Amino acid sequence: MTALKIIGIILLVFLLIGFLRIGAIVSFGDELRVRLRVGAIKLTVLPKKEKKPKKPKKEKKPKAEEPEEKKEEKPKKKRAIPKPTLEDILDLLETALSALGAMVRRACRRTRIDPLDLTLVFGGRDPADVAMSFGMANAAVFALMPKAEEKFYIPNPSLRLRMNYDAEGTEAFGSVGLSLRVCDLFAIVFALVVPMAKWFLRFKKAQKHDQLAHKGPEQKVQNDTEDKIA
């Protein structure tokens with residue numbers, strides 16, 4: 001019963017870690033602020049806190065160096081890495097592109113964008129340019145946001161576009177957060193690692209088969225020579 005309890009506790013810990021959400025929140029505007037999120041804990045990365053000046057350490061007297069006996073090291077034999085053929089390289093490229101596509105699709109589905117709170121204020125000297133930029137930005141938002149909400153999980157998007165003819169230039173401020181669970185992160189990594197591992201096993205198997213094929217005729221000639229001598 002004690003072993004079952006220990007296994008149950010370990011599985012529960014792994015389950016809790018797997019559902020732990022990690023990510024980052026970037027706030028910009030008057031000041032750039034970057035915070036890392038691990039569960040309910042948020043750690044500020046930027047701006048950095050000012051560190052207190054450290055006290056100067058006392059210099060230690062250098063110790064007399066003792067003579068060391070030099071040992072003769074034997075040169076290590078390096079294992080020859082088999083060179084991939086053109087077919088192997090093409091297979092690798094095809095596998096890598098397919099795995100990257102699967103990884104990106106899985107990453108998009110499992111990534112949560114929260115918060116998404118952006119305000120863009122268009123300004124400038126020419127009112128016509130300000131109005132044109134504002135219209136193009138509105139069209140881009142209406143065209144891209146539905147597709148973004150299909151690819152990512154965005155629970156509460158907030159995008160505000162405004163015009164200010166008195167401003168000298170365009171200003172942007174707000175905050176954007178990206179996060180995913182630990183289990184989702186492993187799933188994304190496995191989407192790339194598993195196909196690449198399968199390719200490597202195929203490559204090693206093909207190399208082993210080629211080595212056996214090359215050794216076959218040599219072994220046959222050696223056996224015929226031994227029979228003639230006998």
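Three residues of helix H3, namely Val 130, Ala 137 and Met 145, are buried; buried here means under 20% relative accessible area, exposed means over 50%, and partly exposed is in between, using a 1.4 Å probe and protein chains only. The cover over the buried residues of H3 includes strands S4 and S5, where contact means heavy atoms within 4.5 Å. Helices (H or I, at least four residues) and strands (E, at least two) are DSSP runs, numbered from the N terminus.

Before going on, keep in mind that this is a predicted model: local features need pLDDT of at least 70, side-chain atom pairs count only at pLDDT 80 or more, and totals for chains, interfaces and linings use all residues. Residues are numbered from 1 along each chain as its sequence is written, and side-chain values use heavy atoms, with hydrogens and water left out.

**More on H3**

H3 covers residues 127–151.

From Gly 135 to Leu 161 is 26 residues in sequence, yet 9.6 Å in space, C-alpha to C-alpha.

**The sheet**

Now for the strands. Six of them make an open sheet with mixed pairing, in the order S3-S2-S1-S6-S4-S5; two strands pair if DSSP finds at least two bridges between them. S3 (41–46) and S5 (157–163) are at the edges with a single partner strand each, so one side of each has no neighbour in the sheet. From one strand to the next, the twist averages 10 degrees. Axes are lines fitted to C-alpha atoms, for helices over the stretch in contact, and angles run from 0 to 180 degrees between N-to-C directions. H3 packs on this sheet, touching S4 and S5, and its direction makes about 170 degrees with that of S5.

| Strands | Bridges | Facing residues |
|---|---|---|
| S1 (21–28) and S6 (171–181) | Eight | Ile 25 and Gly 177 |
| S4 (112–122) and S6 | Eight | Ile 113 and Leu 178 |
| S1 and S2 (33–38) | Six | Ile 22 and Val 38 |

**Aromatic pairs**

How many aromatic pairs are there? The count comes to three, taking rings of Phe, Tyr and Trp (its six-membered ring) whose centres lie within 6.5 Å, with planes under 30 degrees apart called stacked, over 60 edge-to-face and the rest tilted. One of them is Phe 122 with Phe 134: the centres are 6.2 Å apart and the planes at 85 degrees, so this pair is edge-to-face. Phe 122 is in S4 and Phe 134 in H3, twelve residues away, so the pair links distant parts of the chain. Phe 122 is buried, at 8% relative accessibility.

Phe 186 and Phe 190 have ring centres 6.4 Å apart and planes at 35 degrees, which makes the pair tilted. Both belong to helix H4 (residues 182–229), four residues apart, or about one helical turn. Phe 190 is partly exposed, with a relative accessible area of 48%.
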